[in-house]
Amino acid sequence: MEEYAIEVNHLTKIYKLYNKQSDRIKEAFSIRKKCYHQDFYALKDVNFKVKRGEALGIVGKNGSGKSTILKIITGVLQQTEGEVKLNGRIAALLELGAGFDGEMTVKENIFLRGALLGYQKEFILEKYGDIIEFSELKEFENVAYNKLSSGMKSKLAFALSSFVTPDVLILDEVLSVGDMAFRKKSEKRMKELFASGVTTILVSHSLNQIREMCSSVLWLEKGEKKGMGNTKEICDDYEKYMQKK
């Protein structure tokens, strides 16, 4: 029997949209349970599985549900319907600054973020040198996080997420951070992680990255699964679709 790292079953996320704030209050106190909202499906009955060690790419236009599905998988958002099954420790890099304290130093934040991901202090001590070197922030390790540039923050977040050796790694548009040299280094690091057997979900607007780094692709369109399968086939179909648009 095939063992999967991630199983997503009938995943649906509905937002209630109100024309004005007062409609939300009217609905809450309506005796006859009158509806004042419209349902917006950010995700609608999405199903897929990711094998252990697989690198799954997710493509789709803005608003197609890519970030929503990652946030549900990582527990940032709660789904309306369906379920997500995870096998193993998960690390995610979804939004710049998530899990960091602006007043604490770079060094303190590495230990803070490591603890939030469930790692012991001894483990972070062992990995600290690799993290700080890869992030290129050795000279800034005692500088407060909120004093860093956005590029520095991105480098720190990527370095930390890629050196804590999770079973499942979730990345949302993070391989485009930093300068060209850092991007190449990041891609090389990701390939090392893939080779080590880390299961990965990568969201990227760069089809070249998806083609080069992912073994399969999920295509989302308006919250629904439009296709899933071989990287070349799905990317080719998606590229033709976007050219027509």
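Predicted model: local features only at pLDDT ≥ 70, side-chain atom pairs only at ≥ 80, totals over all residues.

User: How is a pair of packed helices described?

Analyst: Two packed helices are described by the angle between their axes and by the distance between those axes. In this structure, helix 4 (residues 121-135) and helix 6 (residues 180-195) have axes that come within 11 Å and cross at roughly 145°. Helix 4 contributes E133, F134 and S135 to the contact, while helix 6 contributes F182, K185, S186 and R189. Sorted by class, this contact has three charged, two polar and two nonpolar residues.

User: Is T200 buried or exposed?

Analyst: A residue counts as buried when its relative accessible area is under 20%. T200 has a relative accessible area of 1%, so T200 is buried. T200 lies in strand 7 (residues 199-203). Leaving aside residues up to four places away in sequence, T200 touches E54, A55, L56, L169, L171, M190 and F194.

User: How many residues does the largest nonpolar core have?

Analyst: The largest nonpolar core has 42 residues, and I110 and M190 have the most contacts inside it. Helix 5 (residues 150-163) gives the most to this core, with six residues. A second, separate core has 21 residues, among them L11, I72, I73 and V203.

User: Which residues of helix 2 are buried?

Analyst: The buried residues in helix 2 are K66, T68, I69, L70, I72 and I73. Helix 2 (residues 66-73) is thus mostly covered, with six of its eight residues buried. Just after helix 2, G75 takes a positive phi of about 90°.

How values were computed
Residues numbered from 1 in each chain as written. Heavy atoms only, no water. Axes fitted to C-alpha atoms, helices over the stretch in contact; angles between N-to-C directions. Helix = DSSP H or I, 4+ residues; strand = E, 2+ residues; numbered from the N terminus. Contact = heavy atoms within 4.5 Å. Nonpolar A, V, L, I, M, F, W, Y, C, P; charged D, E, K, R; others polar. Buried < 20%, exposed > 50% of the residue type's maximum accessible area, 1.4 Å probe, protein only. Core = buried A, V, L, I, M, F, W, Y, C linked by side-chain atoms within 4.5 Å.
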